[in-house]
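Me: I would like to learn how to read a protein structure one feature at a time, with the general idea coming before the particular case. Could we go through it slowly together?

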Amino acid sequence: MALRLSVSSSHGPASSPAISTCRPAACGRFPALLGCGAASQRRSLTVMSGSETRAVIPVKSSSSETATVGAEAVAVTGQVTEVNKDTFWPIVKAAGPKVVVLDMYTQWCGPCKVMAPKFQEMSEKDQDVVFLKLDCNQDNKSLAKELGIKVVPTFKILKDGKVVKEVTGAKIDELIQAIETVKSS
């Protein structure tokens, strides 16, 4: 059973300029990392089994509430798994010796939207790697700071629970090369 937490935000314009990275200080639309007020958000937890949607459950906007299903973190390959500040490290630990690639993005970032389908395609092709994505919104601010995010998209590549490489910007070829380098080390 796969869980997907969909977050849509009501702040920021519908589209962003076509640039390779979004710099929070330059555009001022990155409240999660700049300490600005929380954007009003609509959240739902979608419970899926295979390709069949089982339930869509509204989740309250409070950052103190988290939706937890099951007590064990599972590192899944062949798909992109949405993580948050509470589920990221347990899933990395569960991945063991597997390479983990984390896509750190925001809902409003144009380059992030360009990379999302490419990242999904990579996850389906590379069954030896765990692909995760983290929406750097207000709820995940502490994890984004811990991982040292400065621009989005940022891709962190982890091995044995440690960040070993980073790729910033919408640079698919550089990301593929970085993953291959970490896998072969």
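This is a predicted model: local features need pLDDT of at least 70, side-chain atom pairs count only at pLDDT 80 or more; totals for chains, interfaces and linings use all residues.

Me: How many disulfides does the structure have?

Reply: A disulfide is a covalent bond between the sulfur atoms of two cysteines. The rule asks for a pair of cysteine sulfur atoms within 2.5 Å, and by this rule the count here is zero.

Me: How many helices and strands are in the chain, and in which order do they run?

Reply: The protein chain holds six helices and eight strands, and from the N terminus on they follow the order β-α-α-β-β-β-α-β-α-β-α-β-β-α. Of its 185 residues, 42% count as buried. Among the contacts with a separation of 6 or more, 70% are between residues 24 or more positions apart.

Me: Which way do the side chains of strand 7 point?

Reply: In a regular strand the side chains alternate between the two faces of the sheet. Here Thr154, Lys156 and Leu158 point one way, while Phe155, Ile157 and Lys159 point the other way, and all of them are buried.

Me: Which strands pair with strand 7?

Reply: Strand 5 (residues 99-105) runs antiparallel to strand 7 and is joined to it by five bridges, whereas strand 8 (residues 162-168) pairs with strand 7, also in the antiparallel sense, over six bridges.

Me: How should I read the charged side chains, and how many salt bridges does the structure hold?

Reply: Side chains of opposite charge can pair when their charged atoms come close. This structure holds six salt bridges, and one of them is formed by lysine 156 and glutamate 166, whose closest N and O atoms are 2.4 Å apart. That pair links distant parts of the chain, with lysine 156 in strand 7 and glutamate 166 in strand 8, 10 residues apart. Lysine 156 is buried at 4% relative accessible area, whereas glutamate 166 is partly exposed at 42%.

Me: Which residues does lysine 183 meet in salt bridges?

Reply: One partner is aspartate 126, with an N to O distance of 2.9 Å. Lysine 183 lies in helix 6 (residues 172-184) and aspartate 126 in the loop between helix 4 (110-125) and strand 6, so the pair ties together parts that are 57 residues apart in sequence. Lysine 183 counts as partly exposed at 29% relative accessibility, while aspartate 126 counts as buried at 13%. Lysine 183 also forms a salt bridge with glutamate 180, the closest N and O atoms being 3.7 Å apart. Because lysine 183 and glutamate 180 are three residues apart in helix 6, about one helical turn separates them.

Definitions and conventions:
Residues are numbered from 1 along each chain as its sequence is written. Side-chain values use heavy atoms; hydrogens and water are left out. Buried means under 20% relative accessible area, exposed over 50%, partly exposed in between (1.4 Å probe, protein chains only). Helices (H or I, at least four residues) and strands (E, at least two) are DSSP runs, numbered from the N terminus. Two strands pair if DSSP finds at least two bridges between them. Contact means heavy atoms within 4.5 Å. A salt bridge is a side-chain nitrogen of Lys or Arg within 4 Å of a carboxyl oxygen of Asp or Glu.
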